[in-house]
Amino acid sequence: MLNDLDQSEATNGITIRSLHSIEEMEQVRKLESKIWGFEDSIPTHQTITAAKNGGLVLGAYFEGEMIGFQYSFPGFDGQTVYLCSHMLGIDQAFRNKGIGKLLKIAQREEALKLGYKLITWTYDPLETANGYLNISKLGGVCRTYIENCYGEMDDLLNSGIPSDRFLVEWHISKNEDEKENLRQVELSEALEHSLIEWEENEDGLPIPNIKDSFEMSDLAFVAVPKDFRTIRESNIHIANKWRMKTRESFQNLFRNGWKVTGFYKISEPNLPVHFYILKK
(Lines give C-alpha, C1' and ligand atoms only; values in the text may rest on other atoms or scores of the structure.)
Protein backbone atom coordinates (compact mmCIF):
# COMPACT_ATOMS: atom_id res chain seq x y z
CA MET A 1 0.00 0.00 0.00
CA LEU A 2 1.17 3.56 -0.69
CA ASN A 3 0.96 4.67 2.94
CA ASP A 4 3.16 1.73 4.02
CA LEU A 5 6.10 2.88 1.89
CA ASP A 6 8.99 4.42 3.76
CA GLN A 7 10.88 7.33 2.23
CA SER A 8 13.65 5.26 0.67
CA GLU A 9 11.24 2.75 -0.87
CA ALA A 10 9.06 5.52 -2.33
CA THR A 11 12.05 7.44 -3.68
CA ASN A 12 13.58 4.33 -5.28
CA GLY A 13 10.36 3.62 -7.15
CA ILE A 14 9.95 7.11 -8.58
CA THR A 15 10.75 8.17 -12.14
CA ILE A 16 10.78 11.83 -13.15
CA ARG A 17 10.66 13.09 -16.71
CA SER A 18 9.96 16.22 -18.72
CA LEU A 19 6.44 16.39 -20.16
CA HIS A 20 5.61 17.51 -23.69
CA SER A 21 2.31 15.99 -24.89
CA ILE A 22 -1.30 17.09 -24.47
CA GLU A 23 -2.05 13.77 -22.77
CA GLU A 24 0.67 14.36 -20.17
CA MET A 25 -0.51 17.92 -19.53
CA GLU A 26 -4.03 16.58 -18.97
CA GLN A 27 -2.62 14.28 -16.28
CA VAL A 28 -1.07 17.34 -14.65
CA ARG A 29 -4.39 19.20 -14.76
CA LYS A 30 -6.26 16.30 -13.14
CA LEU A 31 -3.66 15.83 -10.40
CA GLU A 32 -3.66 19.57 -9.64
CA SER A 33 -7.44 19.48 -9.27
CA LYS A 34 -7.20 16.48 -6.93
CA ILE A 35 -4.52 18.06 -4.71
CA TRP A 36 -6.05 21.51 -4.30
CA GLY A 37 -9.69 20.42 -4.47
CA PHE A 38 -10.97 22.67 -7.24
CA GLU A 39 -11.89 22.28 -10.89
CA ASP A 40 -10.45 25.62 -12.06
CA SER A 41 -6.97 24.22 -12.67
CA ILE A 42 -4.32 25.41 -15.14
CA PRO A 43 -5.53 24.58 -18.66
CA THR A 44 -3.52 22.18 -20.77
CA HIS A 45 -3.12 24.69 -23.61
CA GLN A 46 -1.23 26.96 -21.19
CA THR A 47 1.13 24.33 -19.77
CA ILE A 48 2.00 22.87 -23.17
CA THR A 49 2.59 26.35 -24.64
CA ALA A 50 4.94 27.17 -21.76
CA ALA A 51 6.81 23.88 -22.26
CA LYS A 52 7.36 24.74 -25.94
CA ASN A 53 8.61 28.27 -25.19
CA GLY A 54 11.32 28.08 -22.57
CA GLY A 55 9.19 26.70 -19.77
CA LEU A 56 9.34 23.34 -18.05
CA VAL A 57 6.77 20.77 -16.90
CA LEU A 58 7.96 17.72 -14.97
CA GLY A 59 6.04 14.65 -13.88
CA ALA A 60 6.86 12.23 -11.06
CA TYR A 61 5.57 8.68 -11.66
CA PHE A 62 5.16 5.61 -9.49
CA GLU A 63 4.23 2.34 -11.22
CA GLY A 64 3.08 4.28 -14.28
CA GLU A 65 0.83 6.67 -12.33
CA MET A 66 1.57 10.40 -12.04
CA ILE A 67 1.86 11.21 -8.34
CA GLY A 68 3.59 14.61 -8.55
CA PHE A 69 4.32 17.44 -10.96
CA GLN A 70 6.20 20.72 -11.28
CA TYR A 71 5.28 23.57 -13.65
CA SER A 72 7.56 26.52 -14.57
CA PHE A 73 7.57 29.29 -17.16
CA PRO A 74 10.13 31.95 -18.23
CA GLY A 75 10.31 35.17 -16.22
CA PHE A 76 11.91 38.56 -16.90
CA ASP A 77 12.22 41.50 -14.48
CA GLY A 78 13.61 44.02 -16.97
CA GLN A 79 17.21 42.95 -16.37
CA THR A 80 17.39 39.21 -15.71
CA VAL A 81 15.83 36.22 -17.44
CA TYR A 82 14.97 33.46 -14.98
CA LEU A 83 12.73 30.43 -14.61
CA CYS A 84 9.56 31.16 -12.63
CA SER A 85 8.59 27.99 -10.76
CA HIS A 86 4.84 28.40 -10.44
CA MET A 87 3.46 25.17 -8.99
CA LEU A 88 4.64 21.92 -7.42
CA GLY A 89 2.16 19.33 -6.17
CA ILE A 90 2.41 15.85 -4.66
CA ASP A 91 -0.44 13.38 -4.25
CA GLN A 92 -1.35 13.22 -0.57
CA ALA A 93 -0.45 9.52 -0.31
CA PHE A 94 3.14 10.33 -1.34
CA ARG A 95 3.87 13.47 0.68
CA ASN A 96 6.80 13.70 3.11
CA LYS A 97 8.74 11.00 1.23
CA GLY A 98 11.35 13.20 -0.45
CA ILE A 99 9.58 13.45 -3.82
CA GLY A 100 9.39 17.24 -3.74
CA LYS A 101 13.16 17.41 -3.48
CA LEU A 102 13.53 14.97 -6.40
CA LEU A 103 11.33 17.22 -8.54
CA LYS A 104 13.33 20.31 -7.60
CA ILE A 105 16.67 18.63 -8.36
CA ALA A 106 15.33 17.49 -11.73
CA GLN A 107 14.06 21.03 -12.32
CA ARG A 108 17.54 22.41 -11.61
CA GLU A 109 19.17 19.97 -14.03
CA GLU A 110 16.73 20.74 -16.84
CA ALA A 111 16.86 24.50 -16.20
CA LEU A 112 20.66 24.49 -16.49
CA LYS A 113 20.33 22.68 -19.84
CA LEU A 114 18.02 25.48 -21.00
CA GLY A 115 20.57 28.11 -19.96
CA TYR A 116 18.95 29.45 -16.80
CA LYS A 117 21.02 30.55 -13.78
CA LEU A 118 18.19 31.53 -11.44
CA ILE A 119 14.89 29.90 -10.44
CA THR A 120 12.35 31.79 -8.36
CA TRP A 121 9.11 30.74 -6.72
CA THR A 122 6.76 31.65 -3.91
CA TYR A 123 5.61 29.62 -0.93
CA ASP A 124 3.82 30.15 2.35
CA PRO A 125 6.53 30.71 5.01
CA LEU A 126 4.27 29.10 7.62
CA GLU A 127 4.29 25.80 5.71
CA THR A 128 7.44 24.56 7.41
CA ALA A 129 7.88 21.39 5.34
CA ASN A 130 8.29 23.66 2.32
CA GLY A 131 10.57 26.00 4.27
CA TYR A 132 12.86 23.14 5.25
CA LEU A 133 13.03 21.93 1.64
CA ASN A 134 13.39 25.31 -0.05
CA ILE A 135 15.85 26.96 2.33
CA SER A 136 17.70 24.21 4.19
CA LYS A 137 17.89 21.40 1.64
CA LEU A 138 17.99 23.31 -1.65
CA GLY A 139 19.89 26.38 -0.47
CA GLY A 140 17.39 29.02 -1.58
CA VAL A 141 17.39 32.48 0.00
CA CYS A 142 14.63 35.01 0.57
CA ARG A 143 14.65 38.79 0.95
CA THR A 144 11.12 39.55 -0.32
CA TYR A 145 7.81 39.15 1.54
CA ILE A 146 4.59 39.50 -0.48
CA GLU A 147 1.39 40.31 1.42
CA ASN A 148 -1.72 38.42 0.26
CA CYS A 149 0.11 37.40 -2.91
CA TYR A 150 -2.82 35.60 -4.58
CA GLY A 151 -5.71 37.31 -2.81
CA GLU A 152 -8.36 35.28 -1.01
CA MET A 153 -8.05 31.61 -1.91
CA ASP A 154 -10.80 29.03 -1.38
CA ASP A 155 -8.88 25.82 -2.00
CA LEU A 156 -8.24 23.07 0.57
CA LEU A 157 -4.79 24.38 1.55
CA ASN A 158 -5.30 28.17 1.75
CA SER A 159 -8.86 29.11 2.72
CA GLY A 160 -9.53 31.46 5.61
CA ILE A 161 -6.15 33.20 5.80
CA PRO A 162 -4.28 35.82 3.72
CA SER A 163 -2.10 34.23 1.04
CA ASP A 164 1.22 35.79 2.16
CA ARG A 165 4.28 34.36 0.42
CA PHE A 166 8.07 34.32 0.48
CA LEU A 167 9.77 34.91 -2.88
CA VAL A 168 12.60 32.37 -3.04
CA GLU A 169 15.74 32.95 -5.10
CA TRP A 170 17.55 29.73 -6.07
CA HIS A 171 20.88 30.52 -7.76
CA ILE A 172 21.36 27.20 -9.51
CA SER A 173 24.63 28.03 -11.26
CA LYS A 174 26.54 28.55 -8.00
CA ASN A 175 28.84 25.83 -6.78
CA GLU A 176 28.97 24.67 -3.17
CA ASP A 177 31.73 27.14 -2.23
CA GLU A 178 29.60 30.08 -3.39
CA LYS A 179 26.45 29.12 -1.49
CA GLU A 180 25.37 30.71 1.77
CA ASN A 181 27.16 29.12 4.71
CA LEU A 182 25.77 29.45 8.23
CA ARG A 183 27.70 28.75 11.36
CA GLN A 184 26.33 26.12 13.74
CA VAL A 185 23.58 27.46 15.99
CA GLU A 186 22.26 26.23 19.31
CA LEU A 187 18.65 26.07 20.42
CA SER A 188 19.33 28.50 23.25
CA GLU A 189 20.56 31.07 20.72
CA ALA A 190 17.45 30.65 18.55
CA LEU A 191 15.19 31.09 21.57
CA GLU A 192 17.08 34.17 22.76
CA HIS A 193 17.27 35.93 19.40
CA SER A 194 13.88 35.03 17.92
CA LEU A 195 11.65 38.02 17.23
CA ILE A 196 8.65 35.80 17.97
CA GLU A 197 7.83 34.23 21.33
CA TRP A 198 4.78 32.12 22.15
CA GLU A 199 2.65 30.60 24.88
CA GLU A 200 0.39 27.57 24.60
CA ASN A 201 -3.35 27.73 25.26
CA GLU A 202 -5.47 25.12 27.01
CA ASP A 203 -5.60 23.08 23.77
CA GLY A 204 -1.82 23.04 23.45
CA LEU A 205 -1.78 25.43 20.49
CA PRO A 206 1.06 28.01 20.43
CA ILE A 207 -0.06 31.66 20.41
CA PRO A 208 2.57 34.08 19.03
CA ASN A 209 3.66 37.51 20.21
CA ILE A 210 6.44 39.82 19.07
CA LYS A 211 9.05 40.33 21.78
CA ASP A 212 9.24 43.80 23.30
CA SER A 213 13.02 43.70 23.13
CA PHE A 214 15.86 41.33 22.33
CA GLU A 215 19.59 41.48 21.71
CA MET A 216 20.73 41.37 18.10
CA SER A 217 23.63 39.15 17.05
CA ASP A 218 25.10 38.32 13.66
CA LEU A 219 22.04 36.10 13.11
CA ALA A 220 18.34 36.72 13.69
CA PHE A 221 15.61 34.11 14.15
CA VAL A 222 11.86 34.02 13.56
CA ALA A 223 9.84 31.22 15.14
CA VAL A 224 7.07 29.59 13.07
CA PRO A 225 4.72 26.78 14.13
CA LYS A 226 5.73 23.21 13.35
CA ASP A 227 2.20 22.21 12.34
CA PHE A 228 0.47 25.25 10.90
CA ARG A 229 -2.16 23.20 9.07
CA THR A 230 -3.47 21.71 12.32
CA ILE A 231 -3.64 25.19 13.84
CA ARG A 232 -5.50 26.53 10.81
CA GLU A 233 -7.99 23.66 10.85
CA SER A 234 -8.67 23.87 14.61
CA ASN A 235 -8.43 27.61 15.37
CA ILE A 236 -8.45 30.07 12.47
CA HIS A 237 -8.03 33.01 14.87
CA ILE A 238 -4.68 31.72 16.13
CA ALA A 239 -3.66 30.85 12.55
CA ASN A 240 -4.29 34.44 11.46
CA LYS A 241 -2.39 35.72 14.48
CA TRP A 242 0.65 33.69 13.36
CA ARG A 243 0.23 35.18 9.88
CA MET A 244 0.18 38.77 11.11
CA LYS A 245 2.96 38.47 13.72
CA THR A 246 5.36 36.71 11.36
CA ARG A 247 4.45 39.12 8.55
CA GLU A 248 5.44 42.07 10.73
CA SER A 249 8.68 40.39 11.84
CA PHE A 250 9.86 39.38 8.38
CA GLN A 251 8.98 42.70 6.80
CA ASN A 252 10.87 44.63 9.48
CA LEU A 253 13.94 42.44 9.03
CA PHE A 254 13.87 42.58 5.22
CA ARG A 255 13.53 46.39 5.29
CA ASN A 256 16.66 46.54 7.41
CA GLY A 257 18.81 44.46 5.09
CA TRP A 258 18.35 40.96 6.51
CA LYS A 259 17.61 37.90 4.38
CA VAL A 260 16.52 34.33 5.12
CA THR A 261 19.44 31.98 4.57
CA GLY A 262 18.65 29.01 6.82
CA PHE A 263 15.94 26.94 8.46
CA TYR A 264 16.42 25.43 11.92
CA LYS A 265 14.30 22.27 12.23
CA ILE A 266 13.69 21.50 15.92
CA SER A 267 13.54 17.84 16.95
CA GLU A 268 12.63 18.63 20.58
CA PRO A 269 9.02 17.31 20.85
CA ASN A 270 8.02 19.75 23.59
CA LEU A 271 8.76 22.77 21.41
CA PRO A 272 5.93 23.57 18.96
CA VAL A 273 8.05 25.70 16.61
CA HIS A 274 10.86 25.69 14.08
CA PHE A 275 12.99 28.76 13.25
CA TYR A 276 13.99 30.68 10.15
CA ILE A 277 17.56 31.95 10.31
CA LEU A 278 18.42 35.36 8.85
CA LYS A 279 21.67 37.25 8.35
CA LYS A 280 22.58 40.64 6.88
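**Figure 1. Arg143 and its salt bridge to Glu169.** In this predicted model, Arg143 is partly exposed, with a relative accessible area of 40%. Its side chain meets that of Glu169 in a salt bridge, at 3.1 Å from N to O. Arg143 belongs to strand S6 (residues 141-146) and Glu169 to strand S7 (residues 165-171), so the pair ties together parts 26 residues apart in sequence. Glu169 is buried, with a relative accessible area of 14%.

**Figure 2. Glu147 and Arg247, a salt bridge between a loop and a helix.** Glu147 pairs with Arg247 in a salt bridge. The closest N and O atoms are 3.4 Å apart. Glu147 sits in the loop between S6 and S7, while Arg247 is part of helix H8 (residues 236-255), so this pair ties together parts that are 100 residues apart in sequence. Glu147 counts as partly exposed, at 42% relative accessibility. Arg247 counts as buried, at 13%.

**Figure 3. A salt-bridge network of three residues.** Asp124, Arg165 and Arg243 are joined into one network. The salt bridges that link them share partners.

**Figure 4. Glu110 and Lys113 within helix H4.** A salt bridge joins the side chains of Glu110 and Lys113, at 3.1 Å from N to O. Both residues lie in helix H4 (residues 99-113). They are three residues apart there, and are therefore separated by about one helical turn. Glu110 has 23% relative accessibility and counts as partly exposed. Lys113 is exposed, with a relative accessible area of 65%.

**Figure 5. Charges and surface across the protein.** The search of the whole structure finds 13 salt bridges. The accessible surface comes to about 14,000 Å². Carbon and sulfur atoms account for 46% of that surface.

Figure 6. The protein has eight helices and 12 strands. Its C-alpha atoms fill a box of roughly 55 × 40 × 35 Å along the principal axes. The radius of gyration is 19 Å, which agrees with the value near 19 Å for a compact globule of 280 residues. Buried residues make up 49% of the 280. Among contacts with a separation of 6 or more, 67% join residues 24 or more positions apart.

Key. Residues are numbered from 1 along each chain as its sequence is written. This is a predicted model: local features need pLDDT of at least 70, side-chain atom pairs count only at pLDDT 80 or more; totals for chains, interfaces and linings use all residues. Side-chain values use heavy atoms; hydrogens and water are left out. Helices (H or I, at least four residues) and strands (E, at least two) are DSSP runs, numbered from the N terminus. The radius of gyration is taken over C-alpha atoms; the globule rule is 2.2 Å times the number of residues to the power 0.38. Buried means under 20% relative accessible area, exposed over 50%, partly exposed in between (1.4 Å probe, protein chains only). Contact means heavy atoms within 4.5 Å. Accessible areas come from the Shrake-Rupley method with a 1.4 Å probe; for residues, only the protein chains shown count as cover. A salt bridge is a side-chain nitrogen of Lys or Arg within 4 Å of a carboxyl oxygen of Asp or Glu.
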